[in-house]
Each structure stands twice: as structure tokens, then as C-alpha cells.
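Subject: Handover of the structure and notes on what it holds

Dear colleague,

My notes on what was found in it follow directly after.

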Amino acid sequence: KTLNYVSRFFAYQSRHNQHDNKNPAWVLTRAACAQLTGPFAKLIPIFNHYAFTHVAIYGISFTAASKASFNMVKESGLVPLISNSLLQAVIGLGVVACGAVACAAGVGVAQLTTVSEVLPTWAVALLSAALGMGVALPTVEAVQSIITAVFVCYARDPAYLQMRRPDVYAKVQAAADMVATEDDDGS
């Protein structure tokens, strides 16, 4: 947050104080802060997601959960970050697909009824798509939370998952073995 604040301060100063843009030290410092804040700004929501998952599952403080999330990522490499990014892409695609299906259904119903006389087709399409996406979003977010919880539980204590849910453990372990094999092959 501090780097983000400093970066925004530099951006404000550069817009309002044009003479500072001629100072090479100022320009270099501003560019360095902008480069440092970019990756952190993208990682913070991911770490918060994992930290809040730790809080929900284990009932620990947010500080302890943040440390546990950091250690989980440190021990398992970039796998949590990559899996979260892939999961976000799939979820986004699923929500858009639900919106498209709802849009098509809404336009179809509007054409078969008198709704098309009251509202233009584009309005029906837009409202239907928004409704479809609005209905789909909570569902896919619940699925994302379940997947994150399984990942956190597996990363923290795989033996417990094996003891309580051997079927889920077998699937997660098979996926982890597949990722490890691909990493070893250099794929």
C-alpha cells in the first residue's frame, strides 16, 4: 500500500509540477516506484483471497492467515497463483457464457411475445444478459471458494484430506502429480 501511495503521489506531482519532469532523479524514482507497485497490486487480491479462506476454515486471525498464505505460496511455488489465475479465467468465461445464453433466450422470448413491441431488441438483449450474468456470478463464486478451500486444506495438511475425503484427495493428488511431472519434464 505504501508503494502504491508513493506511486500515486508521484503521478499527481508529475501532472501538477511540470518542472519536476525535467529532473532525472525524480523521473527515475517515479518510474522505479511504478514498476514496483504493478506486480504487488495484482498479487494482493490473490493473497487476500487465500488469507480469508484460511480465516474461514481455521478461525485464525487475518495476520496469521496472511503469513500462512504467504508460506503456502512460498512452499508450493507459483502453483496457487497460476491456479487462481486459470480459475478466474474459467469463471469469467462461464459468467459470460451464461449471459450470452440468457441474452439469446430473452431475445427469443421477446420475439415470440409482445415484449418486442414495448422494448427494443437491444434493451431486451442487454437486460437478459445482465440478468443471466447476475444469476451465474454467485454460483461460480461459490465454486471458486470451494476449490480454494480444497487447495488450502490440501496445502496445509494433505494427510487430513486423505483421511477425511480419500476420493477428493486422490483427485487432488493426481492433479498435483501431473503438474510435478510436467515441471520435471520442462513442459
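To begin with a term used throughout, a residue is called buried when its relative accessible area is under 20%, exposed when it is over 50%, and partly exposed in between, with a 1.4 Å probe and protein chains only. By that rule Thr53 counts as buried, because its relative accessibility is 12%.

Please keep in mind that this is a predicted model, in which local features need pLDDT of at least 70 and side-chain atom pairs count only at pLDDT 80 or more, while totals for chains, interfaces and linings use all residues. Residues are numbered from 1 along each chain as its sequence is written, and side-chain values use heavy atoms, with hydrogens and water left out.

The overall picture

The protein chain has 8 helices and 0 strands, where helices (H or I, at least four residues) and strands (E, at least two) are DSSP runs numbered from the N terminus. Read along the sequence, the pattern is therefore α-α-α-α-α-α-α-α. The chain has 187 residues, of which 23% count as buried. Its exposed surface comes to about 12,500 Å², with carbon and sulfur atoms supplying 68% of that area; accessible areas come from the Shrake-Rupley method with a 1.4 Å probe, and for residues only the protein chains shown count as cover. If contact is taken as heavy atoms within 4.5 Å, then residues 24 or more positions apart account for 50% of the contacts in the chain with a separation of 6 or more.

Leaving aside its neighbours within four places in sequence, Thr53 is in contact with Thr148, Ala149 and Val152.

Helix 2 also takes part in the 1 aromatic pair that the structure holds. The two rings belong to Phe52 and Phe62, and the pair is tilted because the centres are 4.9 Å apart and the planes stand at 40 degrees. For this term, rings of Phe, Tyr and Trp (its six-membered ring) pair if their centres lie within 6.5 Å, and planes under 30 degrees apart count as stacked, over 60 as edge-to-face and the rest as tilted. The pair links distant parts of the chain, with Phe52 in helix 2 and Phe62 in helix 3 (residues 62-76), 10 residues apart. Phe62 is partly exposed, at a relative accessible area of 36%.

Val101 lies in helix 4 (residues 79-112) and counts as exposed, because its relative accessibility is 59%.

On the surface, Val115, Val118, Leu119 and Leu127 form a nonpolar patch with about 360 Å² of accessible area together. Patches are made of residues with over 30% relative accessible area and no salt bridge, with like charges joined within 9 Å and nonpolar side chains (Val, Leu, Ile, Met, Phe, Trp, Tyr) within 5 Å. Leu119 is found in the loop between helix 5 (115-118) and helix 6 (121-156), and is partly exposed at 34%.

Salt bridge and cysteines

A salt bridge is a side-chain nitrogen of Lys or Arg within 4 Å of a carboxyl oxygen of Asp or Glu, and by this rule the count comes to 1. The side chains of Arg165 and Asp167 meet in it, at 3.4 Å from N to O. Arg165 is partly exposed at 43% relative accessibility, and Asp167 is partly exposed at 41%.

Finally, a search of the whole structure finds 0 disulfides, a disulfide being a pair of cysteine sulfur atoms within 2.5 Å. Cys98 is partly exposed at 35% relative accessibility, and Cys103 is partly exposed at 22%.
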